[in-house]
Amino acid sequence: MLKVAIVGCGKIADAHATQILRVGGCEIVGVCDRESLMARQLYERFPVKRYFTDLAELVSEARPDVVHITTPPESHFDIARFCLEHHCHVYVEKPFTLDVHQAQQLVDLAEEKGLKLTVGHNCQFSHAARRLRALVKDGYLGGRPVHMESHYGYDNAAYARALLGDRQHWVRRLPGKLLQNIISHGIATIAEFLTGDSVQVVAHGFISPLLKRIGEREIVDELRVIISDSEHTTAYFTFSSQMRPSLHEFRIYGPKNGLILDQDHEILLRLRGAKFKSYADYFIPPVMFAKQHLENLVRNARLFLARDFHMDAGMKVLIESFYRSIRENATVPIPYREILLTSQIMDTIFDQLRDQLADQSASSQSRADLVPPIGFKMPYLQ
Amino acid sequence: MASRESGPLRGRAPKPVSPDSFIIAPDDRILVTGAAGFIGSRVVETLVDRGFRNVVCFARPASDLARLEASIKGRLLGTRIEVLRGNLLSRADCEAASKGVTVIYHLAAGTGEKSFPDAFMNSVVTTRNLLEASVQYACLKRFVLVSSFAVYTNRQKSRRLDESCPVEAHPELSGNACCFAKVKQEQIVTEFAKKFAVPYVIVRPGSVYGPGHAEITGRVGIRAFGPFLHLGGFNRIPFTYVDNCAEAIVLAGLVRGVEGEIFNVLDDDTPSSRRFLKLYKQNVRAFKSAYVPHMFSYALCYLWEKYSQCSEGQLPPAFNRRRWYAEWRRTSYSNAKLKERLGWAPKVPTNEALRLYFRSCAQGGHHA
């Protein structure tokens, strides 16, 4: 029986506890939060053995094999390091750490101790995302990816209201502010398919007119990024709080075919590279798309009827895969290279945005100019 | 717009409230948390109207103060209204807010929508912080907690619900984050009262309505899967008009000799669910609704609950038997204690309150 603990008893901890309990062969031996009331409420609502307010006590008394870290991002690094030093495998909620240096230190420590580490990029483990991965692996694209597009929309009015109205909100203290807390899902989806050993990033971000009107001066809520690796695989990343529909979509194109993953509706579409002759190209593809949509509908309905279509289905699969990697000493579900590359791309984006905002405030221009692309080698990936 | 389907509540006529029976003087400092909210702004207005001249309004940094400003507009002559922006999760903010305060009206709460931890943190942790801060100063004479009808199980044998009815013993199973948070919030207040002799009163309003709050209460029905599902039927809805509710809350903080008491707040002559829906459609906007008889709504809640369990939460337990009893069981309510002990009487009769509410909804174009 794998002994699991959760550190941080806020909103996301509920999802972790729910999914951990759905995974066989494990038990939650303790939950921990500096705020004792929060720790107690989680303990009261879930079958949890004990609750703690001190991490050291949790680790020494409950003796967990795995610790899930669901605290605000600022504390991820210190808690994860402490857990690794005390021989616990660690699952860190996204964003993994505040920067790539912290991420590298955790990876190094985990490898040194022979422990496993993962990050909560659970969107990559949804039913449709796993089908996409399988198709790519089977060579559906016809070669290495040529180009990718990742859209990550943001439409959380309650959260935005709390953040925008509170100058002391913890999200404002993150190096990448709102973006740091949100974009790692969309960036990680791209990082998974980048294979080159160096990456270039060009980021352009701005504060939307809506936020400007209400006096916001530091939260960037619109971001466009071009990413390119040394193998000439390119990607566009779009983050938008204003665009509707608020998409969570990933497109990947190879030399032969492409794929569209619609995370919001659990839809995967195959894009056939070859064309039909003459007018047939206007009539046959729509029928083929209709057939694919119908297949997606039937698949989703089957999964629902089989009681395997939960909102956090991806998290359960990620947790199961991570626990399996611990039990069988197998490969972790998210390669460390991907975790580090995601961190590094995010760091580069935030560096560029900081420069842009500084330029904007210096010149008082309403629109920032694009800064030259910043390239970086990938020392962490060698 | 008189309600023909429900008779007036039977209670003794309220005793008039004399300012002499109040526990504080007009210049004593009063704190209202959640002061920018729908009810909080009316509480401030009621206090000012009653001649209290030293009111601290606590609001979140993100709160829109328009409602509060509208409530106290033109009433400020000789009155000190201090707006304090802060977060009750911060102990320092709680200390600043409760310094020198004689009465605290604690309305701030987090519904958390569907999140139990959010609702808990913004209701229970904040309440604990406020209580801890306030007991440091020896001047607190009354702590008024504004709770909710959501705490009741409504599974008592009698169909009459009053303050003596049992509170949910397992709010974590209710599927309702607000119920969980409110039960725990009441518990923490009573724990503090025992430990530090905090003089408290708990007020449990029913369904508060009024201009600026357009949603139709779930006790009438819900919009789900297309048409509006009318679940209330002939049930009387425990409505309380926002001004009447604010009056009850204010009195709970002022009247002598009610420490440790609980008061349900609802108006007289409240309409049945069916009557309310009909009036809403006539006065605000017509829309399609489908009546779901009680037997069917109970069966649906039962099946939903079972499916949620056996599917390991594939459908969250949003509908379950606990909710059915709490919201849709045929029940009658009493406001007798409120009238008798606090001398409360509705400032706005139900007919007039409904007229004002519907007019506001129609002007705002709000819809269920």
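## Where the chains meet

In this predicted model, 17 residues of chain B are in contact with 22 residues of chain A. Contact here means that C-beta atoms, placed from the backbone, lie within 7 Å. The side of chain B that touches chain A has eight nonpolar, four polar and five charged residues. For these classes, Ala, Val, Leu, Ile, Met, Phe, Trp, Tyr, Cys and Pro count as nonpolar, Asp, Glu, Lys and Arg as charged, and the others, Gly among them, as polar.

Residues are numbered from 1 along each chain as its sequence is written, while chains are lettered from A and ligands numbered from 1 in the order in which they are written. As the model is predicted, local features need pLDDT of at least 70 and side-chain atom pairs count only at pLDDT 80 or more, but totals for chains, interfaces and linings use all residues.

## A helix pair across the chains

Helix α2 (residues 36-45) of chain A packs against helix α4 (residues 116-136) of chain B. Helices are DSSP runs of H or I with at least four residues, strands are runs of E with at least two, and both are numbered from the N terminus. The angle is about 135° and the axes are 10 Å apart. Axes are lines fitted to C-alpha atoms, for helices over the stretch in contact, and angles run from 0 to 180 degrees between N-to-C directions. α2(A) and α4(B) are therefore oblique to each other. Oblique covers what is left after roughly parallel (under 35 degrees), roughly antiparallel (over 145) and roughly perpendicular (65 to 115).

α2(A) crosses α4(B) in a right-handed sense. A crossing is right-handed if the near helix is turned clockwise from the far one by less than a right angle, and left-handed if anticlockwise. On α2(A), the contact uses Leu37(A), Met38(A), Gln41(A) and Arg45(A). On α4(B), the residues include Phe116(B), Phe120(B), Val124(B) and Arg128(B). By class, this contact of α2(A) with α4(B) has eight nonpolar, one polar and two charged residues.

## Two domains in chain A

Chain A is assigned domain 1 (2-120) and domain 2 (124-381). The bounds come from an automatic or database domain assignment. The C-alpha centres of these two domains of chain A lie 26 Å apart. Between them, 28 residues of domain 1 are in contact with 27 residues of domain 2. On the domain 1 side, α1, β5 (89-92), α5 (100-113) and β6 (117-119) of chain A each supply at least two residues. That side has 17 nonpolar, five polar and six charged residues.

Helix α1 (residues 11-22) of chain A also packs with helix α12 (residues 313-327) of chain A. Their angle is about 60°, and their axes are 9 Å apart. α1(A) and α12(A) are therefore oblique to each other. Their crossing is right-handed. Ala15(A), Gln19(A), Ile20(A) and Arg22(A) in α1(A) meet Met315(A), Lys316(A) and Ile319(A) in α12(A).

## Sheets of chain B

Seven strands of chain B form an open sheet with parallel pairing, in the order β3-β2-β1-β4-β5-β7-β12. Two strands pair if DSSP finds at least two bridges between them. The twist averages 15° from one strand to the next. Four bridges join β1 (residues 30-33) to β4 (residues 103-106) of chain B. There, Val32(B) stands opposite Tyr105(B).

An open sheet of three strands in chain B runs β9-β10-β13, with mixed pairing. Its edge strands are β9 (221-223) and β13 (289-291) of chain B. β10 (residues 228-230) of chain B and β13(B) pair in the parallel sense over three bridges. Leu229(B) stands opposite Ala290(B) in β13(B).

Notes: Contact = placed C-beta atoms within 7 Å.
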